[in-house]
Amino acid sequence: MKVSDFNFNGFLSPEIDSWTKGANITENEFYDYCARLNKFGQSTLHELNIHNENPQELLLSTLFLRSLSNYQGALILLSKGMILEARILIRSLLEILFRFKVISISQKEAVNFINQDRINSKSLIDKVSKLKNTPFELKSLQERKTEIEAEIKDYNIQYHGTNWYAKKAELDDYYNMVYPFLCNAVHSNVRDLESHLIIKDNKVTSFNYGPTTNELEDQLFLASQFLLRMIDILNDIFGLKILNELVSFKDELEKLIESFNNKSPHKKGINTETSRRR
């Protein structure tokens, strides 16, 4: 890649495509797996028989739609060498999985998820009301807030955050180990910013800015595990006849992870658990 071109345009440089080709990203066996899994996900989406009066089905199908676009977005960013940026979308994918699993438990949990909007609306009104130059009429906001508070009380709506959904979904390990790592890229924590520095003799000598294949396989594995779990849930809820394909993708992913770990013993942190159960 021409340094001068990247200096002017960064990741918008047309030379990024040349880097992708030179790094053999799309020919990578892991990336090829993800591309095929994406097609499987797309075909699964079109197999869903959704009933308008069923909140569980409506929510799961809509969240799966969002999951596919997040998955595809992560693959695009990874193919451009934008590892940190891809982590942000993969984090979003994990947050969807937490909620996805809980909603699949029962219609009651689906309704509980919908009712979270009342708490979110109340919180938003509180924030807007604090604006120095709010464009909204405060009296109307307070009236709406009072209505929402009454609804929250009547329906006994409790706030459920990401941690609650992770525990309810019995995915605590993902929340305690994987989620904090993915959050670093979102919040630009110091530890995550350190990856941009090139240090020699305890001094910053330059900045590390450009496309990279570092952690490529790790991110591909994580994103694929999350998407596979959601497809597994859809297979049960909608009674799809995709079990054979699903098992095949799970087996292939486990073999890819095992092969990668054997080739890269220093990166044994990759999780080989793709879950045979929901």
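**Aromatic ring pairs in the predicted model**

At 8% relative accessibility, Y179 counts as buried, the cut-off for this class being under 20%.

A search of the whole structure for aromatic pairs returned 14. A pair of aromatic rings is described by the distance of the centres and the angle of the planes. In one of the pairs, F11 and Y209, the ring centres are 5.8 Å apart and the planes stand at 80°, so the arrangement is edge-to-face, a term applied to angles over 60 degrees. F11 is located in the loop between α1 (3-9) and α2 (15-22), and Y209 in the loop between β2 (203-207) and α11 (216-237); the pair therefore ties together parts that are 198 residues apart in sequence. Ring pairs also bring F6 into a cluster with F11 and Y209.

The two partners fall on opposite sides of the accessibility classes. F11 counts as buried because its relative accessibility is 19%, under the 20% limit. Y209, at 53% relative accessibility, counts as exposed, that class being set at over 50%.

F98 and Y179 form a further pair, with ring centres 6.2 Å apart and planes at 65°, so this pair is also edge-to-face. The pair links distant parts of the chain, with F98 in helix α5 (residues 83-103) and Y179 in helix α9 (residues 172-187), 81 residues apart.

How values were computed
Residues numbered from 1 in each chain as written. Predicted model: local features only at pLDDT ≥ 70, side-chain atom pairs only at ≥ 80, totals over all residues. Heavy atoms only, no water. Phe/Tyr/Trp six-rings, centres within 6.5 Å; stacked < 30°, edge-to-face > 60°. Helix = DSSP H or I, 4+ residues; strand = E, 2+ residues; numbered from the N terminus. Buried < 20%, exposed > 50% of the residue type's maximum accessible area, 1.4 Å probe, protein only.
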